[in-house]
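Please keep the coordinates open while reading.

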Amino acid sequence: MEIQPARHSHVLDPFVDRYAARTAGMTASEIRALFAVASRPEVVSLAGGMPNISGLPLDVVGGAISDLVATQGPVAMQYGSGQGVPELREQICDVMRLEGIEASADDVVVTVGSQQAVDLVTRVFCDPGDVVICEAPSYVGALGVFRSYQCEVVHADMDAHGLVPEALRQAIRATKAAGKRIKFLYTIPNFHNPAGVTLSAERRPEILEICQSEGILILEDNPYGLLGFDREPMRAMRADAADGVIYLGSFSKTFAPGFRVGWALAPASVREKLVLAQESATLCPPQFSQMAISAYLAQHDWQGQIKQFREMYRERRDAMTSALSDLMPAAVRWNVPDGGFYVWLTLPPGINAKAMLPRAVTARVAYVPGTAFFSDGFGSSAMRLSYCYPTPDRIREGVRRLAGVLEAEIELHSTFGTGTDTAELRLGSRGVENPGTDVH
Ligand code: PMP
C-alpha cells in the first residue's frame, strides 16, 4: 500500500495572497493526514486516540434522548445560554468533586468539547508572539490552537513523574530573559497525551507555587483524569488554587465524544470573557447535546460506566505492553501508563519515526510520529501508540507488524548508518526520551 503525497492545495489556490497571517500556522496535523490510510480495515491503527464507546448502553442513551425529544423537545432544539445549561453545569460540579474541586456552577462555561475551551482561553489571553509553556511532548490539538493564534510555544521537559519543576523554572527564566511574555502554562497532569505519564502528587504544589510566584496562569487540561487503572483520581491542581488555574474537562472520554461537550472552570472575571468569546464563536454550545448528557447523568450509573471503561482500557493497555515486551527489538523503550490511552515509544538513535511511517503503513500498521507533539522539530526518534480503540488481538497484531518494520529499520541502519540528526541528539539531551514509569 502506498501513501499518496499530500496535495499542496496552495499551489493553485487563488486566495493565497489574501489569507490572514494566522493561517500560516494552520497546517493539517500529522494525525489528520494519517486518518485516510489508517482507517482502512486492513491497517491496525495504533495512531488515533478515539475513545472506544462500544461498551456504552445505547438503549439507555437512546431512551434518554427519545424522552428528551418527547418531553422537552422545544427547549432542547432551541438556542440556549452562551454559558451552557444550568442543570448540566451543576452536574459538572459533581463530576469535578471526584477530583477534590469545590466549584460553583456559575464559574463553569460549557464548550464544544474541551478542544473549544483551549481555543477560547487562547483567544481571550494571547496576542501574536505571546508564549505558552507546554510540556515536551504536548497534545497535538492544543499545539494547533496555539499556532493558529500565532503564539510561541516553549517546551519544558517531563520525566516519569510528569512536568519537571526545574525544567519549568528554566523555561520561564529563558523566556523572560528573551523579553517575551508568558501567558500561561498548558499542562495535562493525568495520563498525558501523548506521553502517558501523570504529574506526581508531590510535584503539584511545586508547579502551582512556581506559577503563582511568577504570575503565570495554569491551563489544566484533564480529559483523562477519571480513567486511572489502579487508583482513585488524583487531586486536581485547581482544587488548591481557584484563582490561578483554569481547569478543562470533557465528556468525550468518560461518555462519548460525538456530543461534543466539554467545559472550562475559570475564575469569575475570566469566565465572563470566556462566555463572551463563546457567544461570538457559536452563540451557545449545543443545547440538545447538553440536555442529552444531563439526562444520561441523571438517569444512569455514570460512575459505574466509567469503571467499565477503565477495565476495558486496562485490558488493552495490558495487551499492548505485553506485546511490546514480547516482540519489540531490545533497543526500543517505552513506558507503562497507569491510565488513559497512550504509550510513548523511543526508538534507537538514528531511527526516524516519521521517515519510517510509509513502510509501517505498507506493513499495515499506523502510529503517530513523535514530531507531531513538539512545536520545534523534536521527537523524530519517538512515536505515540494508542491502545484505546483496537481489540486486544488487533493490538498484538499491530505491535507484531510494527516490531517487524523496526527490526528491518534497525538492521538497515546498522548496515548503512544513516546518522543521527541534531534533533535526536537534542531530544536525548533534553531527557524526554522516556518520560514514562517502568521504562522497558
Ligand atoms: N485535550 C486533550 C489532552 C485531548 O487528548 C483531547 C482529545 N484527544 C482534547 C483535549 C479534546 O477533547 P474533546 O474536545 O473531545 O473534549
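In which helix is Gln 287 found? Gln 287 is found in helix H9, which spans residues 287-299. The model is a predicted one, and what follows should be read with that in mind.

Leaving aside neighbours within four places in sequence, Gln 287 is in contact with Val 75, Ala 76, Gln 78, Tyr 79, Gly 80, Ser 81 and Val 85. Ser 289 also belongs to helix H9, and its relative accessible area of 11% is why Ser 289 is classed as buried. With neighbours within four places again set aside, the contacts of Ser 289 are Phe 259 and Val 261.

Gln 91 sits in helix H3, residues 86-97, and is likewise buried because its relative accessibility is 11%. Beyond its neighbours within four places in sequence, Gln 91 is in contact with Ser 294, Leu 297 and Ala 298. Between Gln 91 and Asp 376, which are 285 residues apart in sequence, the C-alpha to C-alpha distance is 40 Å.

**The ligand and its shell**

The shell around the ligand holds 14 residues, of which Asp 221, Tyr 224, Ser 250, Ser 252 and Lys 253 come nearest. By class, the shell divides into five nonpolar, six polar and three charged residues, and helix H4 (residues 113-125) gives the largest share, three residues.

| Side chain | Distance to a ligand oxygen atom |
|---|---|
| Tyr 224 | 2.6 Å |
| Ser 250 | 2.6 Å |
| Arg 260 | 2.9 Å |

On its own the ligand has 400 Å² of accessible area, and the protein covers 92% of this.

In soluble globular proteins, nonpolar side chains tend to be buried together. Here the largest nonpolar core has 73 residues, and those that touch the most other members are Met 96, Phe 251, Met 328, Leu 345 and Leu 402. Helix H10 (residues 302-327) supplies the largest share of this core, nine residues. Not counting residues up to four places away in sequence, Leu 402 touches Met 328, Leu 345, Met 356, Val 365, Tyr 367, Met 383 and Leu 385. Another core, of 28 residues, lies apart from the largest one, and its members include Val 118, Ile 188, Leu 217 and Val 270.

Is Val 405 buried or exposed? Val 405 is buried, because its relative accessibility is 9%, and its place is in helix H12, residues 392-416. When residues up to four places away in sequence are not counted, Val 405 touches Met 356, Arg 359, Ala 360 and Ala 363. Val 405 and Phe 146, which are 259 residues apart along the chain, have C-alpha atoms separated by 34 Å.

**Helix H5 and backbone features**

Helix H5 (residues 140-148) is mostly covered, with seven of its nine residues buried; these are Val 140, Gly 141, Ala 142, Leu 143, Val 145, Phe 146 and Ser 148. Just after H5, Gln 150 adopts a positive phi of about 60 degrees.

The phi of Phe 191 is near 50 degrees, a positive value in a residue other than glycine, and Phe 191 counts as buried because its relative accessibility is 2%.

Notes. Residues are numbered from 1 along each chain as its sequence is written. This is a predicted model: local features need pLDDT of at least 70, side-chain atom pairs count only at pLDDT 80 or more; totals for chains, interfaces and linings use all residues. Side-chain values use heavy atoms; hydrogens and water are left out. Helices (H or I, at least four residues) and strands (E, at least two) are DSSP runs, numbered from the N terminus. Buried means under 20% relative accessible area, exposed over 50%, partly exposed in between (1.4 Å probe, protein chains only). Contact means heavy atoms within 4.5 Å. A residue is near a molecule or strand if one of its heavy atoms lies within 4 Å of it. A polar contact is a pair of N or O atoms within 3.5 Å; within protein, one must be able to donate a hydrogen and the other to accept it, and residues adjacent in sequence count only if both atoms are side-chain atoms. Accessible areas come from the Shrake-Rupley method with a 1.4 Å probe; for residues, only the protein chains shown count as cover. Ala, Val, Leu, Ile, Met, Phe, Trp, Tyr, Cys and Pro count as nonpolar, Asp, Glu, Lys and Arg as charged, and the others, Gly among them, as polar. A nonpolar core is a set of buried Ala, Val, Leu, Ile, Met, Phe, Trp, Tyr and Cys residues joined through side-chain atoms within 4.5 Å.
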